[in-house]
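Take a look at the sequence and the model below. Then read on for a short tour.

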Amino acid sequence: MKQTVKFLYIGKEPISIRFRYLLILFDAATIVFFVATAHVPHGPGLIAASWAVGLVILLDFSARMWIAKDRWKLLRQIYTLADIVVIVSLILDPFLTGSLAFLRILRALRLIHSYHLLRDLRRDSSFFRTHEDAVIAAINLLVFVFSTSTAVLVFFIPEDSKTPYIDALYFTMATLTTTGFGDITLPSPGGKLFSVFIMVVGVALFVRLAQAIFMPQKVRHKCPSCGLYRHDPDAVHCKHCGETLRIETGGAA
């Protein structure tokens with residue numbers, strides 16, 4: 001059984017790769033579920049759905065822990081800690097009422113699990129290897145936007161809003177881009193401070209994404225001699241030490 005689980009999670013066969021990308025689709029579905037239900041009263045149906053999602057995430061977490069060579073190291077990874085927080089919030093769903101409902105915001109941390117997939121993408125996709133900096137910058141911005149929008153949704157958007165999440169996302173993007181239309185505002189001191197946080201961090205992430213897109217593209221390939229890990233896509237020798245490189249490439253068109 002353990003060998004089968006290892007085969008699925010770390011194997012290089014097509015079935016293993018399909019399994020891991022199936023997990024990506026599951027992550028995307030859970031993120032949509034968490035966002036769609038963050039502002040909705042949770043009755044028996046949503047509680048059961050939350051428990052079902054929590055069980056799948058728990059099984060995935062348990063499998064990764066079971067096959068890990070160093071479990072303590074895995075527990076210190078940010079995506080592992082995020083999964084633990086999400087699992088706990090899902091198990092406690094029936095008790096997240098009133099003042100505790102804000103804990104549902106923590107489920108946005110499931111987005112951090114996307115960083116765990118970078119290893120597979122780096123190995124499986126030549127496009128990702130060539131544009132890794134831009135893809136990671138885009139993921140960083142996406143995680144920030146959805147996490148921040150969920151926080152705005154839970155803490156600041158009134159319950160009588162007809163489109164609560166759209167309002168939260170709209171406010172986040174208007175603030176993050178410093179457009180500032182002003183039709184949706186957070187007038188409280190806490191809301192103003194949160195708006196400042198969105199502007200400062202969001203602008204920095206936007207600038208980083210622009211740099212990654214417009215700067216000359218590099219691929220990540222560690223030089224076996226000096227350790228330099230950023231090279232031109234068609235590099236044959238390391239610019240730092242002259243060592244011969246063997247960067248995986250599909251060749252010229």
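## Ground rules

This is a predicted model, in which local features need pLDDT of at least 70, side-chain atom pairs count only at pLDDT 80 or more, and totals for chains, interfaces and linings use all residues. Residues are numbered from 1 along each chain as its sequence is written, and side-chain values use heavy atoms, with hydrogens and water left out.

## The whole chain

The chain has ten helices and two strands. Helices (H or I, at least four residues) and strands (E, at least two) are DSSP runs, numbered from the N terminus. Along the sequence, the pattern reads α-α-α-α-α-α-α-α-α-α-β-β.

The chain has 253 residues, and 37% of them count as buried. Buried means under 20% relative accessible area, exposed means over 50%, and partly exposed lies in between (1.4 Å probe, protein chains only). Now take the contacts, meaning heavy atoms within 4.5 Å. Among contacts with a separation of 6 or more, 54% join residues 24 or more positions apart.

Two packed helices are described by the angle between their axes and the distance between the axes. Axes are lines fitted to C-alpha atoms, for helices over the stretch in contact, and angles run from 0 to 180 degrees between N-to-C directions.

Helix H1 covers residues 2-10, and helix H2 covers residues 14-37. Their axes come within 6 Å and cross at roughly 75°. H1 and H2 are therefore roughly perpendicular to each other. The angle classes are these: under 35 degrees is roughly parallel, over 145 roughly antiparallel, 65 to 115 roughly perpendicular, and the rest oblique. On the H1 side, Phe7, Leu8, Tyr9 and Ile10 make the contact. On the H2 side, Ile15, Ser16, Phe19, Arg20 and Leu23 take part. By class, the contact of H1 with H2 has seven nonpolar, one polar and one charged residues. Here Ala, Val, Leu, Ile, Met, Phe, Trp, Tyr, Cys and Pro count as nonpolar, Asp, Glu, Lys and Arg as charged, and the others, Gly among them, as polar.

## Helices H9 and H10

Helix H9 (residues 164-176) meets helix H10 (residues 189-214). The two axes come within 8 Å and cross at roughly 65°. That makes H9 roughly perpendicular to H10. H9 passes H10 in a right-handed crossing. A crossing is right-handed if the near helix is turned clockwise from the far one by less than a right angle, and left-handed if anticlockwise.

Which residues of H9 and H10 meet? H9 brings Phe171, Thr172, Met173, Thr175 and Leu176. H10 brings Ser195, Ile198, Met199, Gly202, Val203 and Phe206. By class, the contact of H9 with H10 has seven nonpolar, four polar and no charged residues.

## Salt bridges

How many salt bridges does the structure hold? There are three. A salt bridge is a side-chain nitrogen of Lys or Arg within 4 Å of a carboxyl oxygen of Asp or Glu. Asp60, Arg64 and Asp83 are linked in a network of them. Asp60 pairs with Arg64, with the closest N and O atoms 3.4 Å apart. Both lie in helix H3 (residues 44-67), four residues apart, about one turn of the helix. Asp83 also bridges to Arg64, and there the closest N and O atoms are 2.6 Å apart. Asp83 lies in helix H5 (residues 78-91) and Arg64 in H3, so this pair ties together parts that are 19 residues apart in sequence.

Are Asp60 and Arg64 buried or exposed? Both are buried. Arg64 has 5% relative accessibility. Asp83 is buried too, at 0%.

Another bridge joins Asp232 and Lys239, with the closest N and O atoms 2.9 Å apart. Asp232 is partly exposed, at 22% relative accessibility. Lys239 is exposed, at 66%.

## Two single residues

Thr178 sits in the loop between H9 and H10. Its phi is positive, about 60°, although Thr178 is not a glycine. At 52% relative accessibility, Thr178 counts as exposed.

Ala134 lies in helix H8 (residues 132-155). At 13% relative accessibility, Ala134 counts as buried. Leaving out residues up to four places away in sequence, Ala134 touches Leu209, Ala212 and Ile213. The C-alpha atoms of Ala134 and Phe214 are 9.0 Å apart, although 80 residues separate the two along the chain.
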